[in-house]
Each structure stands twice: as structure tokens, then as C-alpha cells.
Amino acid sequence: MRQCAYTFKKNIPDKMTFKRDFKQQMVLEWEKEYMDYEGLKRILKEIKCSKQATHNRSLQHRLRLERAFSGIHLHGSNHEREGDVEEQVIEVKTLELDGSKQLYKTEFQKPHEEGGEAEARLFQKLDEELNKVNAFYKDQVEAAKHEANLLSKQVEALVALRVKVKSPDSGLKQNISSPEETKDQNHQQKDSMVGLEVDHVQQANRNTHHEEQGEAHNNYNTRDPLEILEHVKVDNVLQSPISTIKKALADSSDNELSLSKMYLRKTEEQLRLVFIEFYQKLLHLKDYSFMNLSAFSKIMKKYEKHTSRTASAAYMTVVDNSYLGNSDEVNFLLEKVESTFIRNFTHSNHKKGRKLLRQKTKTERHSITFFTGFLSGCFVALLVATILRITSQQVMKKQKGTFYMENIFPLYSLFGYITLHMLMYAANTYFWKRYRINYPFLFGFKPGTELDYREVFLLTAGHGVVALLCFLINLQLEMNPSNRHYKTATELVPLTLVVLVLLITFCPLNIIYHSSRFFFVRCLFHCLCAPLFKVSLPDFFLASQLTSQFQAFRSFELYICYYGLGEHSMRQKKCHNRGSYNVMYFIVGIIPYWFRLAQCMRQFYDERDINRAFNGLNYLSTIVAMVFRTTFELKKGKGWKVLALVTSALAVVQNTYWDIVKDWGLLRRHSKNPYLRDKLVVPRKSVYFIAMVLNVVLRISWMQLVFEMDWSPLHKVAIITVTSCLEIIRRGIWNFFRLENENLNNVGNYRAFKSVPHPFSYYDEKNDDKDD
């Protein structure tokens, strides 16, 4: 056995390629439904060790016989073994269930041979995996065929709408003025719709399909395509502020079709996204079939190699004849979807159509690694230079240095908060990728445009280098008496840096990750307009990040006050002496929490889930706590302090409970992993307990400012900065476990694709649903 284990480990590097490819090409949300390749390989390892031990004993016995009968070569055992090779060792039976489901059961004919028990377990496991994979694949294909029929009706309505928009004066029952034009439109509609529909009998025989399809084309000629619009209504999903306001003010049943070209363009764009997502699902189904068939073939070849039995051909014949190996429905749907999409959305431009349907593969560039390392080195060097500059000249002990840290440093702390948050997000993306959490799908990034941890870290290092460089230049000019004539330029450095960051973020040019910046700006706009937009995961995820950046909001307000009044000396004290600034100080502090409260209200309105309302109460309690904390900060007083303490403690308890129990899904007493949850991504359970403890401690640190004593202004600036950084770190930890829980929910429900709503629905479909 020791020799067998050594041989197996020695050969691992040559045999890991398929295992790695098989795991990498899995759809993460379907991972449990793939063939258990690892489990089967473990059984094969037992068989290999057993056969090797048997072979060694047989060889020793043969050598003893040859010594006893010297000069006589014994070949009988070889002839027997060669004869055994031709014997049938397995018998596969097909069991019919309910007339539609098939189960496969294999009987191993030689269970009493040495190692036969392990071989019997191997075929039993193979049957279980084949039945599981077969059933899942068939269910997914049936769902895809149903979706294809729905898409056929959507294209039908779209083509009819195009006809109506092009000729708005014609009635629904009226023919188009030009007979040739009517013929072309009918031909386009027939090709677009009927070809996409799927029939079970047609799939069994492709020739029969073409005959029936031609008959369907002839039957379709008798129907006026514009009659379709009489049975179609708009599925208004309230995706914009205007549609939300109209829905709130108008009758809820007002879903009439708009005949404007703008509406037609939006409908085409929405249906185009539906087609692209459906096409991706079909491609994944095709890969699912191919990878599982390859895995079965790989396992049987290994079995044949280890046992010298010819069971591989017999079993693979069964696999190839199963629904997984024999069904051609996915390929048929792929062809039809591609042809329909190209004909209707790219004006028969095949190259453009295929480019839109097939995902862009993200390529790794070595230049990113180089510039990340270069900028990281620059950041560390500038950080060390800044620390040495402050300590060597004893800036903190000088009156001018104290003034600088009280008034100028809060301006630069904004960039410190942003840099730290970007660093935490870079760490999040690294660990999400390492533990196979499908964050690009969860966030809804366009395929091939998502930023991985190296790119996020590159942006973080670049942002940090620019911020530190400006801070060091400002500090050098401010502390050097000979640079007084550069005073105006010195004070404008922080403002210039803010303008630069804003220009890069909102730049419309296709530079510096344009798609990611546009995605961020769109989500930010959705947060600002809450609750007028339907809430998606990236929207509330970004709003949650903003709640940890409330101090950055106040720093941004300080920029407005500091530079907006026209003077740049002692600006912070004058700001707090103005009533309008103090009012804004209240409002700015609660704005991030209002975003989340408004989103929870919208989610409760859309989903009618009481948990959304309870989550909104958490943010309402945080807003109340922020109001009392800010009042205490500005007015002082024992009464305000008590109110701030009580409301802050209540908010901390509520939010901590929600973080751990609801957002992370932990503290389940009756789970497989006590006080955690049934499914865990991180193998070490201690990580979850440490994260829970850190979350509690860092939540409590949020109350630090309420315990304010007779702090010096410099001490207060330091405490605010450290507390804000700890909150950002807590948010980074929350990010990982929140998305892990979301990913596990997707895996449990097999949600592997974006759900894009259809633009049309049919009145008869609604009635059918009610009847059911």
C-alpha cells in the first residue's frame, strides 16, 4: 500500500490537467449537479492499489513456481487473463419511471474477486452520477425550451410593434398600403418567430421538424400580424424615476403600448439583453453536457487501464445513448436563437451578431502587474517620506503644524478614506475569486469588463500615490517660511486633487476602465434617486459602502465651505459658526443612511417582504442616533450625551444582529456547523467566529466619539480619522461574508444567469395564470 500511494503521488502532476479544467469550467451555481469526479477518482485509487497488490502477489507466486519447475515457462495464467478480458463484466439495465424518466443500474458480474467490492461501488457511484446529471440536464433543457417559446412570442410582438410604429396611421385590422412592403414584413415576422419555437416531436426527428415548420409558415399567412398588439400589454418594471412617478400617480392598469420610436428602441434593447442572456445559458448547457461526458469517458479509461477489463466501451455506449449524450436540442436552440437574433437585431450582420451573443474573454496583461508593483513601491516610498518629514521637523509640536493638522489634514483625509476603501475592495475581489464566489455575476458586470483584484489594486496604488504626493508637496510648501509667496497655490492643491478625481470618475471618454466607471456612476445615480429606481444588488451594495463613508461626506462638505467662502485661513472654525453650515452638517451625516432607508422602502414596496421593513428600521434608528450625536458634538450638554449614548447603543445592537444573522446568515443553532450555517465557503470555521467578534468590536468603536472628554482639537482629528478607518475595515470584512451568503443562496436555487424581464406580456397568459 505504501508503494501504491507513492506511485499515485508521483504521477499526480501529469494527471491534474483534466481535473483542473473540469473545475475551472464549471458553472459555479451548478457545481453540485456536476459529476463527482473527485469521489470517483478516490474509488479508482482503491481499485488501483488492490490490483497492484494482487499483481505483486501473483508475480511472487509465479516466480516461486518457476524456481520449482525450472526450465518450464508457465503461460496458462496469461491465457486465462486474456480470456477474462473478453468476458462481460457489467450489465447495465435501464429502468423507466413515469414514462419519461430513465434510471440506469449497473450490475458488476465479478464482485467476489479480490477488489471486486470496490469495483462494484465504482459502478454504483457511476450510476448515481449519471442519473443525477441526466435528470438535471433534462430539466434545464425543458426550461430552456419553454423560455424559447416565450421568446418567440416576444419577437412576434416586437415585429408587430415595428410595423405599427412605421405606419402609425394604419389600423390594427388594416393592411399596409404597399403590398410588397406587407409581404416583406410578414416574411420577416415568420422567419423571426416561428423558427424559434420548439416542439418535442420536432426534436426527435429533425427532418419532421422542417416539414412541420413549413406547414406552420403557411398557416401563419392567414393571420394579420398587427392583430397581435391587441393582446399585448407592457410589463412596466418601474426602472426609472419617471416611470415610478407615473405609476404612483396613474392607474395601475395603465400599461398601454407606446408607439413612439424611443419606446421601440428601448424595447429592442431590453429584448436584445434577454436574447444574449438566453444564448449564454444555452452555451453553458452545451458545456455542461460536454464536460460531464468527458468526465465519464476519463473515468472509464482509467478504470480500464487499472483493471485491464473492457467495460469502458459498454458503459460509454449507455452514457452516449442517454439524454445527456444523445439529445441535440441545445444545439438546435443555439442555431435558432443565433439566426433569429442576427435577423432581428443586427440587420443580418452575422459578424456583429455573433460578437454580441458570445461573451468577451478577459485577457490578463503583464503590464498591469508591472505598473501595480511600480506604483505600490512609489506609494510606500512616499508614505515613508511623509512620516519622516513630519517627525524630523517636529511638525506636531509647532503651532503652525498644529494649525495645519487641524484645518488642512481633514481635507486630505478624504483621499485616505477612499484609498483604504479601494484597498479593502481589492482584497475582497481577491478572496472572492480564491473561494469561487461569482462576484461578476452577482454584481451584473458586463462579461469581460469586471475588474479583478490586480486592476483594483492598480487603481488603489495610483490614487494613493497622487494623494500622498499632493499632501507632501502641500506640507513642504506650508511648513517652509521661504515659500510664503506660494500661499495661494499651496491652499489650492487639495481642491485641484478633488477636481482631478471627479474629472477622471465622470470622464465620458473611453479611458481608464470606462465601462467600470460608467457602472459605478450609474449605481451612484440610482442611490441618489432612491427610492425611484428598482433596487438591485449593486445598488444597495454601493449604498452600504457609502454608510461607512459618512465622514468622507463631511470632508467633502468642508471643501465646499473652505473654498466656497473665498478665503482660506481658519476656515474650519468659521464654518461651524455659520448656521447654514451646521444644518448641512446634520444633513450630510445622515444622507448615506437615507439612501439605504429609501432602498429598503422600495424593496418592501416591490417584494412585500417584511424583512425589508425591519432592515429599514435599522437605518432609521441609525439616522436618529446620528442626529443626536451631531447635536451633542455641536452643542455639548449632558442631556444630549445621554440621548446620543442610548440611541447609538440601540443602533449598534440592531445593526450588529442584522449583519451577523441576516446579512451573513450565521448563528444558526441547528446547522451542521454549530452557530454558523450549513454551507461554508472558507474551510476554517474559526474565520467566521473571528469575523463575528471583529464586527462587534468595530461596531462598538463607532460609538467612540460619544465618549468625548476634554480632547484637544488635534486629538479629536486623530480619533475621528482612526474611527472612520476602522469602520471602513469593518465594511470590507462585511463585504466578503455578505457576498458569500448571496452566492450560496444563488447556488442553492441554481440561479446562474441574470433575470432580464421581458418587455411584453399577453393578456391571455395573465388569464391562464389566474385560472391555474
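Contact here means heavy atoms within 4.5 Å. With that rule, Tyr453 touches Ala426, Thr429 and Tyr430, leaving aside residues up to four places away in sequence.

Before going on, a word on the source. This is a predicted model, where local features need pLDDT of at least 70, side-chain atom pairs count only at pLDDT 80 or more, and totals for chains, interfaces and linings use all residues. Residues are numbered from 1 along each chain as its sequence is written, and side-chain values use heavy atoms, with hydrogens and water left out.

Back to Tyr453. This residue lies in helix 19, residues 453-479; helices are DSSP runs of H or I with at least four residues, strands are runs of E with at least two, and both are numbered from the N terminus. Tyr453 counts as partly exposed because its relative accessibility is 30%.

Lys336 sits in helix 13, residues 329-345. Lys336 has 18% relative accessibility, so it counts as buried. The C-alpha atoms of Lys336 and Ala148 are 9.4 Å apart, although the two are 188 residues apart along the chain.

Next, the cores. A nonpolar core is a set of buried Ala, Val, Leu, Ile, Met, Phe, Trp, Tyr and Cys residues joined through side-chain atoms within 4.5 Å. The largest has 72 residues, and those touching the most other members are Phe22, Met35, Phe123, Leu126, Leu282, Tyr303 and Tyr315. Helix 5, residues 116-166, gives the most to this core, with 19 residues. Tyr303 has contacts beyond four places in sequence that include Leu44, Ile47, Phe108, Glu119 and Phe123. Another core, of 34 residues, lies apart from the largest one, and its members include Ile437, Leu524, Leu676 and Phe736.

Now cysteines. How many disulfides are there? Taking a disulfide as a pair of cysteine sulfur atoms within 2.5 Å, the count is 0. For Cys523, the closest cysteine sulfur is in Cys527 at 6.9 Å, which is too far for a bond. Cys523 is buried, at 4% relative accessibility, while Cys725 is partly exposed, at 23%.

On a 1 Å grid over the protein atoms alone, a cavity is a set of points where a 1.4 Å probe fits but cannot get out, a pocket is an open set with protein on both sides within 12 Å along at least five of seven lines, and lining residues have an atom within 4 Å of a point. There are 4 cavities of 30 Å³ or more. The largest cavity has a volume of about 190 Å³. It is lined by 18 residues, and the closest to its centre are Tyr619, Asn655, Arg699, Arg730 and Arg731. Helix 28 gives the most to this lining, with 5 residues.

The second largest pocket has a volume of about 2000 Å³. Its lining has 50 residues, and the closest to the centre are Ile418, Met422, Val501, Thr505 and Phe520. Helix 19 is one of the helices that each supply at least two residues of this lining.

Methods: Points joined across faces, edges and corners; volume = space filled by probe spheres on them. Buried < 20%, exposed > 50% of the residue type's maximum accessible area, 1.4 Å probe, protein only.
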